Amino acid sequence: MSLLLRITARPRLLLSLTVLLLIGAVLVGGGLTDRLKLGGTEDPAAESSRAAQVMDAKFPASRPNLVMLVDSGADTDTGADTDSGADDTEVAAQGTRLADRLAGERGVTGVVHYWQRKDPALRAEDGRHALIVARITGDETQAGKVFDRLDDDYQGRIGDLDVSLGGTVAVRNEAQRQTADDLVKAEVIALPIVLVILVLAFGSVVSALLPLAIGVIAIMGTSAVLFLITEFTDVSIFAQNLTTALGFGLAIDYALLIVRRYREELKKDPDPSAALSATLHTAGRTVLFSAFVVAVSLAAMLIFPMYFLRSFAYAGISVVILAALAALTVLPALLRLLGHRVNALRIVRGDPAAREAAADRRWRALTGGVMRRGPIVAVSVTTLLVLLGLPFLKVEFGTVDDRQLGSSAQARAVHDTIRESFAGSPTGGVDVLAEDAPADSLSTYAARLSKVSKVARVDAPTGSYRAGERVAPPTPAIAAQRTVSGTGYLTVWPAHDVEDISAESQQLVEDVRAVEAPFDVKVGGQAAMLVDSRAVIGDLLPYALLFIVVVTLLMVFLMTGSLVLPLQAVVLNALSLTAMFGAAVWVFQDGHLSGLLGVTPTGFIETSLPVLMFCLTFGLSMDYSLFLLSRIKENYQRTGDHRGAVLAGVSQTGGVITAAAVLLAVVMIAIGSSQISLTKMLGLGTALAVLVDATIVRCLLVPALMAVFGRTTWWAPKSWRTERFTLSEEGPAARRPEPTTRR
């Protein structure tokens, strides 16, 4: 901490350099949104991903990402003859011309439409709608630019047809636009509310503005860092939401802790320099610890190969480091300049000392009551949290689709129509790549695939197959389209009652992979990517959890010198997350309160989202845990009175933790107001977890367990004692009484 004091000794120079760096960060990070991507939930080394790479290289037309919904305008509910609607002669002519025009567009390939072969999969069951599907070539950025160019020319009324655009590229573009709009809306909602709460918490406008300044530095700096990272790897667009949430949340947490402690030290010693030194040696150390633990929790996502999860690690680690760095350098420089003026512009009436004394009495009364009934409170709260988490036991995993968009989005409306009116999905097939397969063997293999349960049809270079029989012979054109350089591809079409992303479609992938082939095959498609993503997450999740738990145990042990407290901290943090996971399934999977919250229940949870929510909220919970434990330990070191240390620690940090949690919850709820269901689940789920942790866990369960364990809370073998190197707030730990079982 002496180094930090030297760095902040010239505050004006430091603040001038900070302003210059902030201007540079704004200039660099301003174009970040256009460089971010929507996907990243699949393992690039998985079989399905390798199949997709081959398909894109050799059969680009086989994986349509653009869907054009053509509405003939016919009133098919009146029982009109079959030649009306999509089969009307004029409609067919206009639809064919539209498809031919699309095929001539630069960057578009593989245009297939209903009127080519009257494929029933491309015609609505009521005959009113028909589909034109195509592939926009290039990566996500290039495809997005092509789609933007096509959007105006192929949308709306064209001749006698009403045309709407969908497909993965349309969903991606809509999600990017919506995310950018939602982020601005979240900031507009959150900032005024946060400022009001900060003013009420501090009672001073000047003090309230300091955490916001740290938050701006963290957010702008992280945007610049993410911009630079996009030069080397893919970054998810949803990382922006985490940047805003964590930037404000952690900056407010750290600034609250430091400013509150600084004002407390000023009352003991009116010399601002002495107060700042004491603050950095106490609250500053806690911030350093907290930032490390939160960063470690987020770094665990780097273990996974999906760039969706890795992106949150990039954003999270960057924003944690920048928030802590700003809180430990820029904030002390501001405090050094302000001195006693940190309390300027008071707007809360009354005697501040009297208010603080009253708050202290309330916290002590609550904590004392809890500790007197420790076993009852501990069992009751634990039971409640376990019950809240029970819905997660029936979780189903899937992958995001168009239903993540709001119901008013056009791309969403296109896919809703396809789900409701078409017998199957034009993009729901399972892709099978066959390497160096002789025609006879390939035909036999395709016939065997067509006999698999829930398979409607198999299209292969050798023809189409149903129930083990070839129902359509191959044509030279089809054989050429499905065979390139010795590699052929087959499409396994699921039965009509099998949705693209469902338990049945995942089982279909497993069944297809179980069919033996006399040549090398790779199975791909949306359902296959989901199966592979679930497998890699399941394989790597234990290592990520072990990494987080081991580092957390070590850091809490080094901070407290106790073997009991680290175990308590990990268990309590896990318990604090049960309500979040239970609510995620209850609302977003099962559909309870979905109308009120404006979400569409899909029957599953995105596979990688629980991993993200665990890493994020576990780190934030440990953040509050360290705030509390550091003050309890400080008091215990000074007095040796276990009960008194808990009472004092809770009363000293209860207000800070509660205010920090409410402020972070406000930011996360603002993020959760997004029209994107993925962002809504992350925002609202994290807000719930933070509030549960700061209230039920920190105010009730922690003091209850400390009452149950008594001074055994501080136990460790003598040979493990860390007095000489423990990273405590006051340097080497003071000699304290030997822990006993006395309560």
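This is a predicted model: local features need pLDDT of at least 70, side-chain atom pairs count only at pLDDT 80 or more; totals for chains, interfaces and linings use all residues.
## Helix H9 and its partner H7

Helix H7 spans residues 168-202, and helix H9 spans residues 239-268. Their axes lie 11 Å apart. The packing angle is about 10°. Angles under 35 degrees count as roughly parallel, so H7 and H9 are roughly parallel to each other.

H7 brings Thr179, Leu183, Glu187, Leu191, Val194, Leu198 and Phe202 to the contact. From H9 come Gln240, Asn241, Thr244, Phe248, Ile252, Leu256, Val259, Arg260 and Arg263. By class, the contact of H7 with H9 holds nine nonpolar, four polar and three charged residues.

## Helix H9 and its partner H22

H9 also packs with helix H22, residues 609-639. Here the angle is about 5°, and the axes are 12 Å apart. H9 and H22 are therefore roughly parallel to each other.

On the H9 side, the contact uses Leu242, Leu246, Leu250, Asp253, Tyr254, Leu257, Arg261 and Glu264. H22 supplies Leu616, Leu620, Asp623, Tyr624, Phe627, Arg631 and Glu634. Nine residues of the contact of H9 with H22 are nonpolar and six are charged. No polar residue takes part.

## The five-stranded sheet

Five strands form an open sheet in the order E2-E3-E1-E5-E4. The pairing is antiparallel. Strand E2 (108-113) and strand E4 (156-158) stand at the edges. Each has a single partner strand, so one side of each has no neighbour in the sheet. From one strand to the next, the twist averages 30°.

Strand E1 (residues 66-71) and strand E3 (residues 129-136) run antiparallel and are joined by six bridges. Leu66 has Ala134 of E3 as its bridge partner. Helix H14 (residues 410-421) packs on the sheet and touches E1, E3 and strand E5 (161-166). The direction of H14 makes about 105° with that of E5.

## The second largest pocket

The second largest pocket holds about 810 Å³ of space. Its lining has 28 residues. Nearest the centre of this pocket lie Ala201, Arg260, Arg355, Glu356 and Ala359. Arg260 is also one of the H9 residues in the contact with H7.

H7, H9, helix H12 (352-372) and helix H23 (642-672) each give two or more residues to the lining. By class, the lining of the second largest pocket has twelve nonpolar, ten charged and six polar residues.

How values were computed
Residues are numbered from 1 along each chain as its sequence is written. Side-chain values use heavy atoms; hydrogens and water are left out. Axes are lines fitted to C-alpha atoms, for helices over the stretch in contact, and angles run from 0 to 180 degrees between N-to-C directions. Helices (H or I, at least four residues) and strands (E, at least two) are DSSP runs, numbered from the N terminus. Angles under 35 degrees count as roughly parallel, over 145 as roughly antiparallel, 65 to 115 as roughly perpendicular and the rest as oblique. Contact means heavy atoms within 4.5 Å. Ala, Val, Leu, Ile, Met, Phe, Trp, Tyr, Cys and Pro count as nonpolar, Asp, Glu, Lys and Arg as charged, and the others, Gly among them, as polar. Two strands pair if DSSP finds at least two bridges between them. On a 1 Å grid over the protein atoms alone, a cavity is a set of points where a 1.4 Å probe fits but cannot get out, and a pocket is an open set with protein on both sides within 12 Å along at least five of seven lines; lining residues have an atom within 4 Å of a point. Grid points are joined across faces, edges and corners, and a volume is the space filled by probe spheres set on the points.
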